[in-house]
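Please consult the sequence and the structure shown here while reading.

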Amino acid sequence: MAKKDKSQEKEMGLMDHIHDLRICLLHCSWWIVIFTTVAWFYRDEMYHFLWDPYANALKDKANTKVVYTGIMDPFTLAINQSIVAGVLMSSPFIIYEGFKFISPALKQKELKLIGIYSFLSLILFAGGVYLGYGYMLPHLAETMEEMQLTGTESYLNASQTMETIIKIILGVGVVFQFPLVLF
């Protein structure tokens with residue numbers, strides 16, 4: 001959608017808006033499918049990248065193992081991990097598509113404000129993800145290891161462990177958005 005002069009703009013009806021929304025959602029869906037497919041081919045590397053902070057904190061402790069507890073767990077873990085990665089990687093394109101859809105209804109001042117907030121949001125989210133990945137995961141591993149009873153072994157469910165790791169990383173990133181919400 002190219003931005004038109006105010007003199008060239010015509011009033012859009014409800015069906016025109018619905019058609020534009022449909023195209024926007026279709027583009028967003030395609031981005032998610034493309035990036036989920038790419039993530040599928042790198043699922044092993046992603047798994048090890050996400051697991052490394054936790055595993056490195058437990059390096060000297062041999063009594064924690066990651067296991068699959070169900071027959072479909074390897075597939076479920078791989079598909080869930082790929083979908084989450086696909087959505088995250090496609091999020092800039094999804095945001096762009098959404099912005100392209102709503103921008104004709106916004107004034108220049110509002111567009112500038114959204115740009116500033118988007119940039120700050122990205123910086124805060126990246127900082128939160130970094131903190132969750134580099135600081136919280138290793139400390140979580142150490143704390144859980146210290147709480148383990150003497151003489152016991154930990155068998156962590158691979159799917160549940162990866163789900164927890166992803167929730168921690170993304171959760172801290174989302175919590176770092178709080179200053180923008182307050183402002």
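How far is the sulfur of cysteine 24 from the closest cysteine sulfur? The distance is 4.3 Å, and the partner is cysteine 28; this is too far for a bond, because a disulfide is defined as a pair of cysteine sulfur atoms within 2.5 Å. By this rule the structure holds zero disulfides. Cysteine 24 counts as buried, at 8% relative accessibility, and cysteine 28 is buried too, with a relative accessible area of 9%. Here buried means under 20% relative accessible area, exposed means over 50%, and partly exposed lies in between (1.4 Å probe, protein chains only).

Two remarks on the basis of these values are in order. The model is predicted, so that local features need pLDDT of at least 70 and side-chain atom pairs count only at pLDDT 80 or more, while totals for chains, interfaces and linings use all residues. Residues are numbered from 1 along each chain as its sequence is written, and side-chain values use heavy atoms, with hydrogens and water left out.

The charged side chains come next. Side chains of opposite charge can pair when their charged atoms come close. A salt bridge is taken as a side-chain nitrogen of Lys or Arg within 4 Å of a carboxyl oxygen of Asp or Glu, and the count by this rule is two. One joins lysine 100 to glutamate 97, at 3.7 Å from N to O. These residues are three apart in helix H3, and are therefore separated by about one helical turn. Helices are DSSP runs (H or I, at least four residues), numbered from the N terminus. Glutamate 97 is buried, with a relative accessible area of 7%.

The other salt bridge links glutamate 163 with lysine 167, whose closest N and O atoms are 3.1 Å apart. Both residues lie in helix H5 (residues 158-175), four residues apart, or about one turn of the helix. Glutamate 163 is partly exposed, at a relative accessible area of 45%, whereas lysine 167 counts as exposed at 55%. Helix H5 also contains isoleucine 166, which is buried at 16% relative accessible area.

The surface carries a nonpolar patch formed by Leu26, Trp30, Val33, Ile34, Val38, Phe41, Tyr42 and Met89, with about 800 Å² of accessible area together. Accessible areas come from the Shrake-Rupley method with a 1.4 Å probe; for residues, only the protein chains shown count as cover. Patches are made of residues with over 30% relative accessible area and no salt bridge, with like charges joined within 9 Å and nonpolar side chains (Val, Leu, Ile, Met, Phe, Trp, Tyr) within 5 Å. Helix H1 (residues 14-41) gives the most to the nonpolar patch, with six residues. Valine 38 lies in helix H1 and counts as partly exposed at 38% relative accessibility. Phenylalanine 35 is also found in helix H1, but phenylalanine 35 is buried, with a relative accessible area of 18%.

Definitions and conventions:
Helix = DSSP H or I, 4+ residues; strand = E, 2+ residues; numbered from the N terminus.
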